[in-house]
Structures are given as structure tokens and as C-alpha cells.
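Open the model in your viewer and keep the selection tool ready. This tour goes from one stop to the next.

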Amino acid sequence: MSQSSRIAARFASLRAEGRGALIPFLEAFDPDRATAMEILRGFPGAGADLIEIGCPFTDPMADGPTIQRAGQRGLKAGATLAGTLHMVREFRAGDAATPIILMGYYNPILSYGDNFCADAAAAGVDGLIIVDVPPEEADEIEPQARAAGLDIIRLIAPTTDEARLPKVLAATSGFVYYVSITGITGTRSASGAELADAIPRIRKHTNLPIAIGFGVRTPEQAAEAARIADGAVVASALIDVLAGDLDAEGRAKPGTAQKVLDQVAALAAAVRKAKKGA
Amino acid sequence: MNKPLPNSLRQGPDARGRFGPYGGRFVAETLMPLILEVEKAYEEAKRDPAFMNEWRRLLTHYVGRPSPLWFAERLTQKLGGAKIYFKRDELNHTGAHKINAVLGQIMLAKRMGKTRIIAETGAGQHGVATATACALFDLPCTVFMGATDVERQQPNVFRMKLLGAEVVPVTSGAATLKDAMNEGLRDWVANVRDTYYCIGTVAGPHPFPMMVRDFQSVIGTEAREQMLAAEGRLPDLLVAAIGGGSNAMGLFYPFLDDASVAMHGVEAAGKGVDTEEHAASLTKGRPGVLHGNRTYLLQDEFGQILEAHSISAGLDYPGVGPEHAWLHDIKRVEYVSATDDEALSAFQLCSKMEGIIPALEPAHALAHVIKVAPTMARDKLIIMNMCGRGDKDIFTVARALGVSM
């Protein structure tokens with residue numbers, strides 16, 4: 001297991017508070033570097049407990065139209081992995097505590113080269129979610145991640161059965177990301193009953209914190225997910241707020257970042273009210 | 001005494017689905033359990049004589065196999081070199097080689113209890129083949145097709161609809177085969193419990209590259225016997241077009257261990273491999289991971305995938321099957337390319353001289369044959385895979401030649 005202390009420390013302190021984590025998402029360089037940086041810097045103040053940053057890729061096979069378009073805007077604005085790490089480094093200059101997880105696809109990482117994990121850790125990244133590297137291919141990246149002290153956060157899906165769960169969990173550190181639907185991001189939501197059924201099934205196999213993502217959109221859904229599990233990832237709903245505020249040319253307006261942060265604040269308020277075990 | 005294992009190139013992939021460093025299973029966790037299930041089901045099916053006999057029955061009586069091996073005598077005389085044979089998979093039901101693997105896969109889907117089929121298509125040949133098999137097996141079928149390809153392959157779009165399939169135009173990216181495959185994978189993630197993804201080429205996550213190759217190998221197995229019957233010996237050179245590479249793998253695979261048989265895979269050079277508009281992933285790309293496998297990809301320095309270009313919608317893909325990537329590295333197969341213009345010339349020449357209107361995909365293979373046959377002695381033997389017929393392409397070709405229809 002990695003020594004990535006920021007993720008473990010954050011979940012431990014939230015456990016002490018008796019509540020789950022809000023994990024908002026932003027796509028790097030969407031719609032431009034400055035706006036994305038303003039959102040990233042504003043996340044902790046708006047109530048983000050952990051932060052997930054999407055790394056744009058031309059062919060995001062697990063993402064729905066909302067994140068696909070965010071990635072395209074990011075690429076158009078010049079997003080690269082090096083540029084994304086630079087954003088994290090800039091963020092870290094003002095925030096040493098909020099964990100940052102990068103989510104992306106393998107090919108840009110492969111293309112970056114063997115130094116990726118070391119460079120990411122040095123920039124202040126705490127964990128990686130690499131959508132298209134399942135446990136069967138873990139040796140592609142795990143040794144480098146481990147050496148750099150980065151957590152490899154794995155996705156568990158509704159299709160991950162009892163026989164497979166231990167194999168996936170054995171390759172996971174930091175926290176577990178439960179994909180609450182069989183589907184791509186931002187398309188539909190799981191019911192509270194489905195989640196209440198799924199999360200204990202995973203808990204039987206691990207002591208790691210569990211965050212729920214894919215289809216968590218509203219403050220109510222975030223509160224419920226954070227209560228049933230240990231955290232809620234909200235992505236497409238925030239990108240919808242951002243995209244809805246862009247001008248006809250796809251450019252941010254002066255208040256765009258603030259609109260996203262206001263929505264994060266609303267989500268955070270709901271998550272903070274939802275005490276666990278209540 | 002233990003004998004050393006025979007030195008064979010036909011033992012791949014390994015248990016991880018790798019051909020050398022290529023291949024693998026790079027998919028999201030949601031799909032992973034199903035990928036493993038497909039692998040298990042296929043391993044069982046291919047050892048089940050009843051399954052294989054039923055597939056062969058369909059190939060004989062529904063597809064019309066074996067396809068003939070045709071000595072292209074007039075073309076041979078004109079080019080003045082090696083004897084040129086066409087393996088005539090364009091005569092198959094649905095007009096291309098795609099149906100060979102589709103029937104096997106749809107039978108497998110039935111066996112797995114799947115009730116819905118999805119597929120991606122570029123030129124529409126795989127979509128038509130899948131829609132056809134789904135009509136025969138009474139399964140609902142959805143075909144993802146880039147909006148650009150929907151436009152340039154209208155006859156096949158209409159064919160699929162007649163066969164009862166739903167055709168979904170995909171508008172993301174350049175709206176061609178790569179984007180159709182993304183959308184197919186997204187649909188599969190969302191409908192993983194009841195849906196089978198019938199992949200059209202020797203790419204994607206393991207076991208698809210192996211499985212599609214195994215089914216398509218019927219082409220090479222037949223060609224081998226037919227050439228032995230016709231000439232009493234093996235061919236000297238095999239030539240096939242490469243998009244994802246299924247028709248080429250099908251022809252090459254049964255000959256891989258025959259050291260005397262050279263093989264040329266012909267990639268689409270579009271407007272030229274020195275321009276930015278081509279689809280020559282082995283010639284100009286480098287290894288990466290896309291659509292479930294590690295292989296050669298057209299990509300920029302940051303690992304973002306580039307758009308491919310070819311006049312042939314079936315070759316318009318920025319990757320290639322992982323077994324080809326391996327055969328390229330170990331130099332068992334030589335990968336060359338032919339431009340849009342060369343393919344167009346070959347298309348016309350073949351139509352006039354052999355009375356066979358080829359698809360634009362094998363027209364690329366023929367363009368290479370036109371280059372290489374005259375450099376070979378008259379007693380040398382070439383088999384070119386005529387993997388599809390050109391009916392679907394006449395509008396594209398007319399436009400390229402400035403003819404209004």
C-alpha cells in the first residue's frame with residue numbers, strides 16, 4: 001500500500017466528524033486554463049473534501065457526452081498531462097491538505113513516459129484513476145505508482161461480482177470508487193435502494209473508504225451517497241453548470257467559475273448535513 | 001525424451017491476450033467481467049463439435065463457402081510477372097469476408113444467452129453482415145456508424161435498415177470508424193447484461209483479436225488447399241489490405257509457419273504517408289493503448305489519437321489489430337501502403353480487366369500487387385485477398401472521378 005497520507009488523513013478526519021466526503025470534479029483546461037484554475041483554487045473554500053481532475057483524452061470510452069465535450073474543450077485549450085500537473089503544482093502552493101486524484105485514460109500516460117508517476121507525485125497528486133487499466137493490466141503502472149507513493153484508486157462496478165471483488169480490491173489503495181450504474185458518466189442515476197444494497201456488499205471485503213460516482217447530480221443525491229458510502233463524486237452535473245454558462249464561442253464569462261463553485265457549495269451543504277449512521 | 005516445442009508463430013496470444021507486447025484487456029471495470037465471460041464461452045464453443053459444425057454448415061449453405069481461388073490471367077499477362085490469384089471472398093453472401101466471423105460471434109452470443117447485438121461499422125460491410133446474421137437469428141441489432149461514413153456509404157445504410165437493424169450515426173470526433181467504436185463500447189458498458197458487442201475486426205480487448213482471427217482463418221485454410229490443388233505448391237506471396245486487419249489475418253494466419261511464403265499487408269496511405277491524411281498506423285504510428293488493446297496507433301506527441309484518412313471507409317482507422325503489430329515488429333509480415341489515387345486506379349483496372357468490381361479496401365491490396373507482381377519472376381505465385389465487392393463504393397468512386405450519377 002502506498003503512503004499517500006493526504007487521502008487517508010482526509011477520510012480519517014471526516015470519519016471523526018461523522019460525515020462523508022464531497023468530491024467535485026473538473027476537467028483540466030475546461031474551457032481554458034485560467035477558468036479551470038479558478039475553479040480548482042476555489043473548490044476547497046466551497047466545500048470540496050477531495051478533488052478529482054479529469055485529464056482530457058480524444059477517445060474517452062467510459063464518458064458520456066457532457067465529459068466528452070469538456071475533454072474536447074480542454075484539448076482545444078491546450079491541455080496536456082504536463083499542463084495538468086502544472087495546474088496541480090500551482091494549486092498545491094496554496095493548499096497542502098486537500099487530496100487530488102487524477103482521472104484519465106492510459107494512452108496519454110503511456111505517451112508521457114516512465115516518469116509520469118514520479119512527476120505527478122512531485123506536483124502534489126495523491127492518487128490515480130486510470131479508467132482503462134483493470135487489475136488484469138495493473139503491472140503496467142502499479143510499480144511506478146507505488147514507488148512514487150501514489151494511490152491507485154480502482155473502479156468497482158455493479159457487474160463486479162463476489163468472486164472478482166477481492167481481486168479488484170487487492171489492487172486498490174486510497175479509496176474505492178463505486179461506479180453506481182452500468183453505463184457511462186452523466187447519463188442516469190442509481191436509486192438509493194440500489195446503493196444501500198451495493199455498498200455493504202463491498203464493505204464485506206474491504207476497510208477502505210468507498211466513494212460513489214457516475215450519476216450523482218443533485219445535493220440530495222450527493223447527501224445520500226455520502227451517507228450510505230463515504231463520499232460522493234459529482235462530475236457531469238458541475239460540468240453542465242459550466243457548459244451552460246459559456247458564450248456562443250464556448251468561452252467562459254466573468255462569473256462562470258463562481259457559478260460552478262456556488263453549485264459545489266450547495267452540494268457541500270447537503271453532504272455536511274447528512275450525518276452517518278443517522 | 002522431451003522434444004523441444006515446434007517453433008511456431010501460431011501460438012498467440014498468451015493467457016493475458018498478448019501477442020508479444022501487444023493486445024491485452026484495457027477496458028473499464030464494468031466491461032471486464034463480461035470480457036472474461038466471452039473468453040470462457042468462446043474457449044468452450046470452439047471445442048464443441050456441434051458448435052463448429054453448425055458454423056461450418058452456415059458457411060457452406062448460407063455464405064457460399066468455399067470461395068473460389070481465381071487465376072487472374074488477363075491481369076497477370078498485363079503486369080508480366082508473377083501469377084496472380086484472387087481469393088474471392090467478395091462472392092460471400094453480403095459481399096465481403098466480414099460474415100465469416102459475424103456468424104461465429106452471433107452463434108456465440110446466442111449460446112451466452114445474450115438477447116441484443118451491437119456492432120460498429122466503417123464501410124458498412126461489417127454492419128451489413130451483422131444485421132444479416134441478426135435477421136437470420138432473430139436478434140435485435142444496433143449498428144454504430146460514423147456520420148461521415150453514413151454519408152459516403154448510403155447503399156449499405158439502406159441495406160442494414162432493410163435487414164431490420166437500427167443504424168445510429170455517430171457525430172463525435174471525425175465521425176468515422178474510431179468514433180463508431182467508441183460509441184459501441186459506451187453502449188456495451190450501459191447494456192452489459194443483455195448485449196453482445198460483435199466486433200468487426202481483429203482488434204479490441206482479448207479475446208476479440210484471437211476469436212475474429214480464428215473465424216477468418218477459414219480464408220487462408222481454404223486458399224492453402226486451393227493453391228496446392230491448382231499449382232501443387234504453396235504461394236510465394238500473400239497480399240491483403242489492412243484497416244483493423246481481419247481479412248489479412250484470416251489469409252495470413254494459416255501460412256505463418258511456412259517460411260517460404262512472404263506476406264504483405266497494405267495500409268491506406270490516403271493522400272500520402274508524408275501528408276497528415278492517411279491511415280497507415282504501422283508505417284507512421286507508434287505503440288499505444290486504444291479500444292481495449294495495445295497496438296500501433298496514429299497519435300500526437302501527447303498520446304492524443306489522430307484522425308485517420310482514407311477514401312476507403314473500411315480502412316479509415318488510426319489503429320491496427322495487435323497481432324499485426326507483433327508480426328510487424330518481428331518482421332514476419334511486411335507492411336506497405338497504397339494511396340487513394342493508387343487504389344482508384346486499381347479499382348478501375350480490375351473492373352475492366354477481370355470483370356470484377358472490387359471494394360475500395362482490396363483495391364488497396366491490388367494497387368500493391370500492381371507494383372510488386374512485375375518485379376517477380378513468372379513462375380512465382382501471389383494470392384491477393386479480394387475481401388469485398390465494390391457495389392457499395394460506386395458512388396464514392398464516381399465522385400472521386402468527377403462523374404455525376
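**Stop 1: where the chains meet**

This is a predicted model. Begin with both chains on display. Their contact takes 28 residues from chain B and 35 residues from chain A. Now look at the side of chain B that touches chain A. Select β2 (22–26), α1 (32–46), α8 (177–190) and β11 (286–290) of chain B; each of these supplies at least two residues to that side. Which element gives the largest share? It is α8(B), with six residues. Colour this side of chain B by class, and you get 14 nonpolar, eight polar and six charged residues.

**Stop 2: two crossing helices in chain B**

Stay on chain B. Select helix α2 (residues 49–63) and helix α4 (residues 98–111) of chain B. Their axes come within 10 Å and cross at roughly 140°. An angle over 145° would count as roughly antiparallel. α2(B) and α4(B) are therefore oblique to each other. The crossing of α2(B) and α4(B) is right-handed.

Show the side chains at the contact. From α2(B), pick Phe51(B), Glu54(B), Trp55(B), Leu58(B), Leu59(B) and Val63(B). From α4(B), pick Ile99(B), Asn100(B), Leu103(B), Gly104(B) and Met107(B). By class, this contact of α2(B) with α4(B) has eight nonpolar, two polar and one charged residues.

**Stop 3: one side of a helix in chain A**

Move to chain A and select helix α6 (residues 116–123). Which residues of α6(A) are buried? They are Phe116(A), Cys117(A), Ala120(A) and Ala121(A). These residues cover an arc of only 125° around the axis, so they sit on the same side of α6(A).

The buried residues of α6(A) pack against α4 (81–92), β3 (100–104), α5 (106–112) and α7 (142–148) of chain A. Then step just past α6(A) to Gly124(A), which takes a positive phi of about 110°.

**Stop 4: a loop residue in chain A**

Select Asp49(A). This residue lies in the loop between α2 (33–46) and β2 (51–54) of chain A. Is Asp49(A) buried or exposed? Asp49(A) has 26 other C-beta atoms within 10 Å, and 20 or more make a residue buried. Asp49(A) is therefore buried.

Show what Asp49(A) touches: Arg10(A), Leu14(A), Ala21(A), Leu22(A) and Ile23(A), leaving aside residues up to four places away in sequence. Asp49(A) and Gly231(A) are 182 residues apart in sequence, and 9.0 Å apart in space, C-alpha to C-alpha.

Key: Residues numbered from 1 in each chain as written. Chains lettered and ligands numbered in written order. Predicted model: local features only at pLDDT ≥ 70, side-chain atom pairs only at ≥ 80, totals over all residues. Axes fitted to C-alpha atoms, helices over the stretch in contact; angles between N-to-C directions. Helix = DSSP H or I, 4+ residues; strand = E, 2+ residues; numbered from the N terminus. Parallel < 35°, antiparallel > 145°, perpendicular 65-115°, else oblique. Left-handed = near helix turned anticlockwise from the far one by under 90°. Contact = placed C-beta atoms within 7 Å. Nonpolar A, V, L, I, M, F, W, Y, C, P; charged D, E, K, R; others polar. Buried ≥ 20, exposed ≤ 12 C-beta atoms within 10 Å, placed from the backbone. Arc of directions from axis to C-beta.
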